[in-house]
Number of protein chains: 4
Amino acid sequence: MIIILKAANQAEAIVDLQKHFGDHTDVFVHNNRVAIVGAKESDLTAAEQAAAEEIIMQHPAAVQSSRLFHPEDTVINLAHTIIGGGHFSLSAGPCSVESAEHVRKMAAVAKAGGATLLRGGAFKPRTSPYSFQGLEEDGLKFLRAAADEQGMDMITEVMDEMHVDMVNEYTDVFQIGARNMQNFSLLKAVGKMRKPVLLKRGMSGTIDDLMNAAEYIAAGGNTQIMLCERGIRTFDNKYTRNTFDVGAVSVLHELTHFPVIVDPSHAMGHTDLVTPMAVAGTAAGADGVVVEIHDDPAHAFSDGAQALKPDQFMEMAKRVQAVEALVAGWREEA
Amino acid sequence: MIIILKAANQAEAIVDLQKHFGDHTDVFVHNNRVAIVGAKESDLTAAEQAAAEEIIMQHPAAVQSSRLFHPEDTVINLAHTIIGGGHFSLSAGPCSVESAEHVRKMAAVAKAGGATLLRGGAFKPRTSPYSFQGLEEDGLKFLRAAADEQGMDMITEVMDEMHVDMVNEYTDVFQIGARNMQNFSLLKAVGKMRKPVLLKRGMSGTIDDLMNAAEYIAAGGNTQIMLCERGIRTFDNKYTRNTFDVGAVSVLHELTHFPVIVDPSHAMGHTDLVTPMAVAGTAAGADGVVVEIHDDPAHAFSDGAQALKPDQFMEMAKRVQAVEALVAGWREEA
Amino acid sequence: MIIILKAANQAEAIVDLQKHFGDHTDVFVHNNRVAIVGAKESDLTAAEQAAAEEIIMQHPAAVQSSRLFHPEDTVINLAHTIIGGGHFSLSAGPCSVESAEHVRKMAAVAKAGGATLLRGGAFKPRTSPYSFQGLEEDGLKFLRAAADEQGMDMITEVMDEMHVDMVNEYTDVFQIGARNMQNFSLLKAVGKMRKPVLLKRGMSGTIDDLMNAAEYIAAGGNTQIMLCERGIRTFDNKYTRNTFDVGAVSVLHELTHFPVIVDPSHAMGHTDLVTPMAVAGTAAGADGVVVEIHDDPAHAFSDGAQALKPDQFMEMAKRVQAVEALVAGWREEA
Amino acid sequence: MIIILKAANQAEAIVDLQKHFGDHTDVFVHNNRVAIVGAKESDLTAAEQAAAEEIIMQHPAAVQSSRLFHPEDTVINLAHTIIGGGHFSLSAGPCSVESAEHVRKMAAVAKAGGATLLRGGAFKPRTSPYSFQGLEEDGLKFLRAAADEQGMDMITEVMDEMHVDMVNEYTDVFQIGARNMQNFSLLKAVGKMRKPVLLKRGMSGTIDDLMNAAEYIAAGGNTQIMLCERGIRTFDNKYTRNTFDVGAVSVLHELTHFPVIVDPSHAMGHTDLVTPMAVAGTAAGADGVVVEIHDDPAHAFSDGAQALKPDQFMEMAKRVQAVEALVAGWREEA
């Protein structure tokens, strides 16, 4: 149940509802809206009903993630980056952090193309246990240093709750990978932090699954969440690694206030398909694009086949920014 | 096998290859390239080998559809429309032709937004036998008259080979619907015609299936083919009718020379999602967009939920054209 | 709307309903049940309401296919075969009819294993136009002769409405292939015939799609329909051609009265996986199994990789029959 | 690379290979087979090559999971249960442990039907953070007590590495849930334990993904692994929760030596579909069946819609055992 409160005596009504419901269910407040998990209209006292401008019973299970509870866009503010609410951002970096030197070089490329967030993996979720698993804490240090050198924000994946504190020492944004979208223990752990989280959609995650996964983070009190479309599993996977579900950008923008980022690198898996999908995602209204870059893809520690070379990245960035300028104009008209 | 012939004595080499292979397999010629279905390099005589600049053994089964056989873009020329090779087109119209008057009205809207092709269904492939099945020949007449009145080209679906001749009397472009993508008898029938065909991708058609379906048409001698991405079936269908596979636009552009059109109406199934996907498809480089329009969607004979109202269509057209202008610039730079 | 009539004056009530509704919508009668397409309860006169024992408003669009309209199992009776209502049948034969001699040989194998239906393709829906397309009418003749020689019934695919009459001259059962599940013109054409139809589920056909496709046939008056699960398209296709949706057997048995056959050959695409799936489908309650057999799979004209050799077929048949004996016992207990 | 050693001097050859490769890559030994991760044939010395009966270069990345490395079936031995290598087992219990009393009651039902493993969730991976999350350690205690009372083995899910030690104090088998199939940190954690693991296939996990996930466990030294097919995500989800991929049972039995269990409860999601799928999975050769049971499904804490009532479970068990008796006979003949 979401209650939209009348203007008069709002603060008192909120206190009252929290007192009434707060010790046996979850109660969330956003401006003049109060969400009470699992409550029925008949649970409300006459006074509580009188305080309500409107009572919404039909809402997603992921109530905090819903625009019915939080109509305006969430805006994520970092030192060098603003995402959401009309603010567009570009993230780039190598798939894996490979060395201090290499990631510094990639950071310079990312910055030159207009990226304000530096991405790179220190803990890598690899399909095979015998593949490179990441530089771990060294990787975090190298990435932090490279981001600082360029005046960028840092984003990196955390794969389990035992590493949340360690990753927290270095990063500006936690990334939850697609394979962990429903690792509920990890979602709860980052929900306790007070740093933004980029939550990637699982390969077979429905829109509702993604909203509910975000809700796990929000339920812990951390509502600085970005969602990421990175391709889904379908029957057609001969020419692309996944199917880029660009429609999810528009659907999510209707349902939720969280910014939506697209990751065309993982969606497609082939360099030549990354730029058109970055552009398509931007045209669909994405709040940001994250891509993998590498100066020598053939020798990348991971996922070289989908990395943009520096000049390809510069061209992609130029195109994405040109489309974003158009989209920004349409947003203002609307 | 595709043989790229040397410049010298090309005409003779072609005649020779046709004589040698033409009565026991399919031989296709495009400029200096000769495709011989099922042949092995050792089947060639010494003279034939000597005439070859290059012999390509690794090519798609859909050889005529492949850029290896036909490197440059196919361009479709109609009275009022050019599609492919950098030429972009807009098609619009009602899902079903409902009456002479209504389709005239919709044609005027389509034209006003910049569409040069008028679409409308006279034979409707409906899931249930008890749903409206189309006005049949009357529908064809009404659509033709409306197109002529506006100076537009006409496109309409043909559902079976028995109606090919009738539809041919009226239409400028045959449309093959998604459910008939692998109706091989129908593909062969339109392959015998000499009018362009818009071939829609089946709901579970792979890229290779689509190429092979096009090849059925080309094998009959009709190479005026456009391919259409209209959404595929995936696990997520709560908020959209299908999943719009925008990546297919880029993949197809690499593999085949045929123009690629996107149909965001059927892909999404909800009006509010059509415009962003039209824009995204254009940004990905589509050669055209086809959408459904209706002035009173709530009372449309079919698919009202996905029809754009006239003002929504005008806004969509404006955005699509703005993005297409950017893409055209990138094409020229490349 | 489905009306279940009271015992008294049933015949009059049926005549009355047909008179009232029959000239502006579809009215179907099965024993004491009358289905009126698109009617609302308020459309009924007081007398019509009084004649009703029960009025069912919530039913599938595919009303004739539904058990709500036709509770008891449909039983298909052929000269040598009974299918449905507890009667189990085995169909076997080569993918393509290759020659008179070969199909006679295969018919003898099929018969020896207990098959009463001989299958074989004379018109082949092949992905590529350059693959073998079938022996056409010669194939039909050879298959008919082989079936007659063994005292078996014949089943073969019809690919388009133009061939319905020709195929009808030879076959006992029309097969509609997966790619034509929603070729509505073809469905209407076989709906006008009075011979059983085996309708294969499309690769991305939902249960509802399959029911509605069957309804197209039933709407024409032909209710001798069998449904066939033959594998669906999913994300996992490395080790199998399709995913065998054995659960569809049970779901269909709940929803519809038509017999359900399983085709493990096309579902799996590899010989070694055919027998366990034939057994699994039988265990799930299928009314029949259809498989492809070949004495020399490596040289089969089509689909050799999934054909059972004669001894493999005999072993499969033995296992299927052993499981069917168990299932028959459970049916009787229920 | 897998080396099959000659009989002579095997022990020395193994020591030699471990010395040569063991400190820079993973080396695994099974009887006369040695797997060396990432090695090339040219890395072997002449003596090493001479010791080899056969060298297998083409093998799955999941080398320890492969039958090429470990040809014979893995057999899991518990106090009350043997699984694999022709030994079939039945697991049953409530979805969630609800109380000490309730789980005792369900254990008695499970035992009466022939189950030797008692299942029940103490930590529940729920889609929504506001759903019941399990009784945690109390649940473990109740389940242990109930299993002990009935002389059964216990299996329960562990959701994250922080709980591995706690769960280890109580359980006989660790269960890894579908959503955690690629939670690589958790897989590594149970890989360090020396207790059997039931690894459930993820909703979009391919066969190869599942094999690689198992390999993560095996890479830590724990090779007591069972794989579980529990339904995959496909386009058709109106009548079933997932699509039961019964073919995976046969495919996995070809590729890997680990036992394969089927979970028809989660695959189907509806009670009436559980029994036919349990039977179908057994007919396909599964090494075990795991189902959810509840005496009052309407009030179950979770997943009541798919729970079998005691009498339904008894009937299912009877049928499964009848089919397993047939399959056991076929196994012996083979």
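1. In chain A, A:Arg119 stands opposite A:Ile155 of strand β9(A). The two strands concerned, β8 (residues 117-119) and β9 (residues 153-157) of chain A, pair in the parallel sense over three bridges. Pairing here requires that DSSP finds at least two bridges between two strands; strands (E, at least two residues) and helices (H or I, at least four) are DSSP runs numbered from the N terminus.

2. The model is predicted: local features need pLDDT of at least 70 and side-chain atom pairs count only at pLDDT 80 or more, while totals for chains, interfaces and linings use all residues. Residues are numbered from 1 along each chain as its sequence is written, chains are lettered from A and ligands numbered from 1 in the order in which they are written, and side-chain values use heavy atoms, with hydrogens and water left out.

3. On confidence, chain A has a mean pLDDT (the predictor's confidence in each residue, from 0 to 100) of 97, and 100% of its residues reach 70 or more. For the complex, the predictor gives an ipTM of 0.96 and a pTM of 0.96.

4. Chain A has a barrel closed by eight strands with parallel pairing, in the order β7-β8-β9-β10-β11-β12-β13-β14. From one strand to the next the twist averages 25 degrees; axes are lines fitted to C-alpha atoms, for helices over the stretch in contact, and angles run from 0 to 180 degrees between N-to-C directions.

5. Helix α4 (residues 137-150) touches β8 and β9, and its direction makes about 160 degrees with that of β9(A). Helix α6 (residues 184-191) touches β10 (173-176) and β11 (197-200), at about 170 degrees to the direction of β10(A).

6. Chain B is laid on chain D by a turn of 180 degrees and a shift of 0.0 Å along the axis, with an RMSD of 0.0 Å. That is the relation of a two-fold axis. The superposition is by least squares on the C-alpha atoms of residues with pLDDT of at least 70 in both copies. Of the residues of chain B, B:Phe235 comes closest to the rotation axis, its C-alpha lying at 2.1 Å.

7. B:Arg233, B:Phe235 and B:Asn237 supply 91% of the area that chain B buries against chain D.

How values were computed. Contact = heavy atoms within 4.5 Å. Buried area = accessible area lost by both parts, 1.4 Å probe.
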